[in-house]
Amino acid sequence: MGKPKIHLLGNTSSLINQYVSELRDENVQTDSLRFRFNMERIGWIFAYEISRKLIWEKKDVVTSLGVASCEVLKQQPVIATILRAGLPMHQGLLNAFDKAENAFISAYRKHRKDGRFDIKVEYVSSPPLSGKTLILSDPMLATGASMVLSYKELLGKGKPVHTHIVSILASNQGVEYVKKSMPDEDYTLWLGAVDDELTARAYIVPGLGDAGDLAFGSKL
Ligand code: URA
């Protein structure tokens with residue numbers, strides 16, 4: 001249903017492409033501190049780009065020599081992140097929007113015997129969202145199902161005026177799913193890179209592997 005504005009930052013040569021190439025590189029991935037830090041740095045870059053679309057107001061600031069007319073954010077966004085892979089990028093977004101409110105969603109793949117899976121959301125912690133700008137981030141947009149389901153869960157906390165959906169790496173299929181399945185049109189999609197393929201187990205190809213495991217170690 002939704003027809004979002006899509007910003008693919010990787011289409012312009014800039015530092016984000018350097019960081020994404022390191023996230024993908026299996027030789028660099030052995031350094032999980034660097035992996036997390038690159039995700040955090042990409043969070044900073046997304047925050048800067050998103051900030052250009054927010055509403056600003058004038059504020060007189062008293063310096064030691066006079067009064068400077070400055071611009072400050074009119075309203076802080078709410079930054080929502082899907083656990084656990086989203087945490088390092090969340091930190092980057094929050095470092096930039098340091099007064100933002102925060103929301104967390106735990107969504108996971110519950111695998112069925114036939115190899116397919118359902119997305120289960122078990123935990124949502126969020127401030128009220130009515131009238132606010134929401135930044136919803138997950139580093140990997142594979143099928144798109146977790147992102148859309150998480151957004152729908154967050155709507156239980158009120159309807160944001162606008163939502164910025166942020167992913168470092170997306171599949172074409174995930175982007176199409178989000179466009180088809182978001183329940184409204186007040187959103188913008190921010191992406192670092194888009195890959196063509198998904199494996200049968202819904203991993204992005206060439207992708208980078210399992211972002212949560214690379215950041216925090218493998219799970220049982
Ligand atoms: N989640 C990941 O961590 N990697 C993928 O390729 C897809 C989803």
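The largest pocket of this predicted model holds about 680 Å³ of space. A pocket here is an open set of points, on a 1 Å grid over the protein atoms alone, where a 1.4 Å probe fits and protein lies on both sides within 12 Å along at least five of seven lines; lining residues have an atom within 4 Å of a point. The volume is the space filled by probe spheres set on the points, which are joined across faces, edges and corners. Of the 28 lining residues, A85, A107, R109, Y203 and D210 are the closest to the centre of the largest pocket. Two or more residues each are given to this lining by β4 (78-83), β5 (101-111), β6 (117-125), β8 (140-141), α4 (145-154) and α6 (211-216), and β5 supplies the largest share, with four residues. Elements are DSSP runs numbered from the N terminus, with helices (H or I) of at least four residues and strands (E) of at least two. By class, the lining comprises 16 nonpolar, six polar and six charged residues; Ala, Val, Leu, Ile, Met, Phe, Trp, Tyr, Cys and Pro count as nonpolar, Asp, Glu, Lys and Arg as charged, and the others, Gly among them, as polar.

Residues are numbered from 1 along each chain as its sequence is written. In this predicted model, local features need pLDDT of at least 70 and side-chain atom pairs count only at pLDDT 80 or more, while totals for chains, interfaces and linings use all residues; side-chain values use heavy atoms, without hydrogens or water.

Turning to helix packing, α1 (residues 15-24) meets α2 (residues 32-51) at an angle of about 155°, with the axes 9 Å apart. This angle makes α1 roughly antiparallel to α2 (over 145 degrees; under 35 is roughly parallel, 65 to 115 roughly perpendicular, and the rest oblique). Axes are lines fitted to C-alpha atoms over the stretch in contact, and angles run from 0 to 180 degrees between N-to-C directions. The crossing of α1 and α2 is left-handed, the near helix being turned anticlockwise from the far one by less than a right angle, whereas clockwise is right-handed.

R36, M39, E40, G43, W44, F46 and A47 of α2 touch P88, M89, Q91, G92, L93, N95 and A96 of α3, a set of eight nonpolar, four polar and two charged residues.

For α4 and α5 (residues 172-181), the axes come within 9 Å and cross at roughly 30°; the two helices are therefore roughly parallel. A145, V148 and K152 of α4 contact Y177, V178 and S181 of α5.

A few backbone details deserve a look. Most residues other than glycine have a negative phi, and most peptide bonds are trans. A cis peptide bond, with omega about 0°, joins L83 and R84, the latter in the loop between β4 and α3. Another cis bond joins V205 and P206, with P206 in the loop between β12 (204-205) and α6. A202, in the loop between β11 (197-198) and β12, has a positive phi near 65°.

Key:
Contact = heavy atoms within 4.5 Å.
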